Amino acid sequence: MAMAPGEAPEVLDPPSRRTRIRAILDGGKAQAGRRVVVGGWVRAGREQGHGAPDPFAFLDVNDGSCQGNLQLFVKGAVFRIRSELSFATEKYFREEGFLHVHTPILTTSDCEGAGEMFQVTTLFSQAQKLEAELKENPAPTQADVDAAKNVAKEKGDTVTQLKSAQATKQEISTAISDLKKAKQDVLTMEERSKLKPGIPRREDGSVAFEKDFFKCPAYLTVSGQLHLETLACALGDVYTLGPTFRAEHSHTSRHLAEFWMVEAEFAFANLQDDMNYAESYVQYLCKWLLDHCQEEIEFMVKSHDKDAMERLKLVSSTPFEHISYTKAVEILKDADRKFDNKVEWGIDLASEHERYLTEVVFKKPVIVFNYPKGIKAFYMRLNDDEKRVAAMDVLVPKVGELIGGSQREERLDVLEQRILDAGLPLERYDKYMDLRRYGSVRHSGFGMGLERMILFATGLDNIKDVIAFPRYPGRADL
């Protein structure tokens, strides 16, 4: 239809090109990295702030195309706090004269001795590849191998006959070449006849890890500490910030399968030095947030935890209480409240015990030291009473344990026995024991889970809310 003079053409909005949620979910990993437009209804959500300039939430969206929901992640203040804590960590240790080092993610040792580790192997992919290959090209039977041997024998007889008949050099050379090929075919067929689908195993039925990529069992690291000790004994004071992994089947608000650890190790240092560094570091982080994340902390106060700001001020300016594990147990036994977990000497303090000490008894951070050896790792230095170890935990309000550390065992004979007592194989820790075998120094260190520090700073309740892509049993998307 012709337009009237002076009439502007009508312009329509472009099509929405909406992608249905069913298509996204069906596409799986193939959808990773794509920018899509979806339309739907928010069926559920966990919102950590409302009306603030930068809220943080998880939203479950459904558009009716399927039963499944698409989870949307809306990030905000908590991730700026995380960024600042990472930067403050780098700044603190640089100011203290530490070197930043990088420790392996792949390891053959279990630092904690707990056995809850993710194993890294190529045996499964190798087995799948072999199964597909055998399906397309089945392994030769014994009859096939015997037939190939007969061919090789015939080729050998031909060579003998040609030599006896004084055949030409060219004829003999060609026959020998055919014989070599026949023999190689026999070797190849014999090797392929041994191929069996599935994971390779030894005669005793155990897994043949010598056929794996690293020729031995390998795992995702639970801690970089053993590597840090090696570097500390050469460089003095070192630290690292990196991912660590625990294969615990736990769905609590305090556990992740993948999380980030700040770990520090320092030479010529005892347990008291360890506690001093840990206290100084935590106070530095709290001061840094107060100076550089005022807006974000105020947001957390308004939206989630009214005590977040005051908690940071308290910890940043108050000397920590230092008490022995034995004293802590005595205090808990005399408490005028009933705990869900029974209190007795030798137990690992539960979160309710730790928070009672920090929030009710002392009303400030507490460092508990000299724990029973039975509840601590093999590398912690055994005290003279042979019942306790030179270990310490930093406990803070809201979270409980924030930092764990110890003076390390530098005596070779004691360390060997502790490894054996933990039920671990000595050969796996041979290089670690070399630090003691060829001369050692007194050294100490600690580790802090970055996500726990964020929980403490923000007042959030679930550790899954302070990391962008939480990994836990049943969940490792993207």
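Tutor: Cys 286 counts as buried because its relative accessibility is 0%; buried means under 20% relative accessible area, exposed over 50%, and partly exposed in between, with a 1.4 Å probe and protein chains only. Please note that this is a predicted model, in which local features need pLDDT of at least 70, side-chain atom pairs count only at pLDDT 80 or more, and totals for chains, interfaces and linings use all residues. Residues are numbered from 1 along each chain as its sequence is written, and side-chain values use heavy atoms, with hydrogens and water left out.

Student: How many disulfides does the structure hold?

Tutor: It holds zero disulfides. As for another cysteine, Cys 216 is partly exposed, with a relative accessible area of 26%.

Student: Let us turn to salt bridges. How many are there?

Tutor: The count comes to 27 salt bridges, where a salt bridge is a side-chain nitrogen of Lys or Arg within 4 Å of a carboxyl oxygen of Asp or Glu. One of them joins the side chains of Arg 18 and Asp 63, at 3.2 Å from N to O. Arg 18 lies in the segment before helix H1 (21-27) and Asp 63 in the loop between strand S2 (57-62) and strand S3 (70-74), so this pair ties together parts 45 residues apart in sequence. Helices (H or I, at least four residues) and strands (E, at least two) are DSSP runs, numbered from the N terminus.

Student: Are Arg 18 and Asp 63 buried or partly exposed?

Tutor: Arg 18 is partly exposed, with a relative accessible area of 37%, whereas Asp 63 is buried at 10%.

Student: What does Arg 408 pair with?

Tutor: Arg 408 forms a salt bridge with Glu 265, and their closest N and O atoms are 2.8 Å apart. This pair links distant parts of the chain, 143 residues apart: Arg 408 is in the loop between S13 and helix H12 (412-421), and Glu 265 is in strand S9 (residues 258-267). Arg 408 is buried, with a relative accessible area of 3%, and Glu 265 is buried at 1%.

Student: And which side chain meets Glu 410?

Tutor: That of Arg 381, in a salt bridge of 2.9 Å from N to O. Glu 410 lies in the loop between S13 and H12, and Arg 381 in the loop between strand S11 (366-372) and strand S12 (388-396), so the pair ties together parts that are 29 residues apart in sequence. Arg 381 is buried, with a relative accessible area of 18%.

Student: What about Gln 407? Where is it found?

Tutor: Gln 407 is in strand S13 (residues 400-407) and counts as buried, at 9% relative accessibility. A polar atom of its side chain lies 3.2 Å from the backbone nitrogen of Leu 271. Gln 407 also touches a number of residues beyond four places away in sequence, including Asp 274, Tyr 379, Arg 381 and Arg 442; contact means heavy atoms within 4.5 Å.

Student: Which residues have the most contacts inside the largest nonpolar core?

Tutor: They are Phe 93, Tyr 281, Met 392, Ile 403 and Phe 446, in a core of 58 residues. The largest share of this core, 11 residues, comes from H7. Apart from it lies another core, of 37 residues, among them Val 366 and Ile 419. A nonpolar core is a set of buried Ala, Val, Leu, Ile, Met, Phe, Trp, Tyr and Cys residues joined through side-chain atoms within 4.5 Å.

Note on methods
A polar contact is a pair of N or O atoms within 3.5 Å; within protein, one must be able to donate a hydrogen and the other to accept it, and residues adjacent in sequence count only if both atoms are side-chain atoms. A disulfide is a pair of cysteine sulfur atoms within 2.5 Å.
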